[in-house]
Amino acid sequence: MAYPGYGAAPGGYPGAQDPLYGYFSAVAGQDGQISADELQRCLTQSGIAGSYKPFSLETCRLMINMLDRDMSGTMGFNEFKELWQILNGWKTTFASYDRDRSGTIEGPELQQAISAMGFNLSPQTMNVIMRRSSTHGRIAFDDFMSCCMRLRGLTDHFRRRDTSQTGQAMFQYDDFIQVSMSL
């Protein structure tokens, strides 16, 4: 079974020759890690949101949680670089469905975007996503990114438990709560 919604593979090492390292190091401090509020500042300064509204602190927390393999609550440069690649892919997807350049997409466009990323979700699941992500039937860029991060995070957690890759997994109650609360 294929698992959809992934950006490019991580890679690279910190260094002055990498233009992303400048954005990262400007806020990382001595520990070489950035927190959610530092990530928000870094992404705003970088301009990755383009003409869209900058990312909320909650979205930045989701970004860190999505890639926080050591559960530190912070992000190192390699995680940041991976995030940058993922965000650019999702931004391109969003922009291709935001045809009127309003900074929002509607439900059918969200369905198409999610399908284009490889997710095959039921109409009931799409209704839940719409209720959670939209305001008056429209999904803003920040909410789209949050939705993508949740889908990817949930897919990651599910994939780790679907060892036979059959599309089925067994969860203990405590495990389910941990997964749900981390996204």
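**Entry 1: S51**

I looked up S51 and found it exposed, with a relative accessible area of 77%. I am reading a predicted model here, not an experiment. S51 sits in the loop between α2 and α3. I then checked its distance to R101, which is 50 residues away along the chain. The C-alpha atoms of S51 and R101 are separated by 9.2 Å.

**Entry 2: confidence**

I noted the confidence of the prediction next. The average pLDDT for the chain is 84, and 91% of the residues score at least 70. Over residues 1-14 I found pLDDT staying under 50. For that stretch the model has 37 contacts beyond four places in sequence.

**Entry 3: the core**

Which residues have the most contacts inside the largest nonpolar core? I listed L39, L43, F80, W90 and F144. The core has 46 residues. I went on to see which elements give two or more residues to this core, and wrote down α1 (19-28), α2 (36-46), α3 (57-67), α4 (77-97), α5 (107-116), α6 (123-133) and α7 (141-161). The largest share comes from α4, with 9 residues.

Leaving out residues up to four places away in sequence, F80 touches L20, Y23, F24, I34, L39, C42, L43 and M75. Two of these, L39 and L43, I had already listed with F80 among the residues with the most contacts inside the core.

**Entry 4: α3 against α4**

I reminded myself that two packed helices are described by the angle between their axes and by the distance between the axes. For α3 and α4, the axes come within 10 Å and cross at roughly 115°. The crossing in which α3 passes α4 is right-handed.

Which residues meet where α3 and α4 touch? From α3 I noted M63, M66 and L67. From α4 I noted E79, E82, L83, I86, L87 and W90. I sorted this contact by class and got 7 nonpolar residues, 2 charged ones and no polar ones.

**Entry 5: M117**

Is M117 buried or exposed? Its relative accessibility is 13%, and the limit for buried is under 20%, so M117 counts as buried. I located M117 in the loop between α5 and α6. W90 turned up again here: the C-alpha atoms of M117 and W90 are separated by 8.7 Å. Along the chain, M117 and W90 are 27 residues apart.

**Entry 6: two positive phi angles**

I looked at M71, which is not a glycine but has a positive phi of about 60°. M71 lies in the loop between α3 and α4. Its relative accessibility is 69%, and exposed means over 50%, so M71 counts as exposed.

I did likewise for H136. This residue is not a glycine, and its phi is positive at about 55°. I found H136 in the loop between α6 and β2 (138-140). At 81% relative accessibility, H136 counts as exposed.

Methods
Residues numbered from 1 in each chain as written. Predicted model: local features only at pLDDT ≥ 70, side-chain atom pairs only at ≥ 80, totals over all residues. Heavy atoms only, no water. Core = buried A, V, L, I, M, F, W, Y, C linked by side-chain atoms within 4.5 Å. Buried < 20%, exposed > 50% of the residue type's maximum accessible area, 1.4 Å probe, protein only. Helix = DSSP H or I, 4+ residues; strand = E, 2+ residues; numbered from the N terminus. Contact = heavy atoms within 4.5 Å. Axes fitted to C-alpha atoms, helices over the stretch in contact; angles between N-to-C directions. Left-handed = near helix turned anticlockwise from the far one by under 90°. Nonpolar A, V, L, I, M, F, W, Y, C, P; charged D, E, K, R; others polar. pLDDT = per-residue confidence, 0-100.
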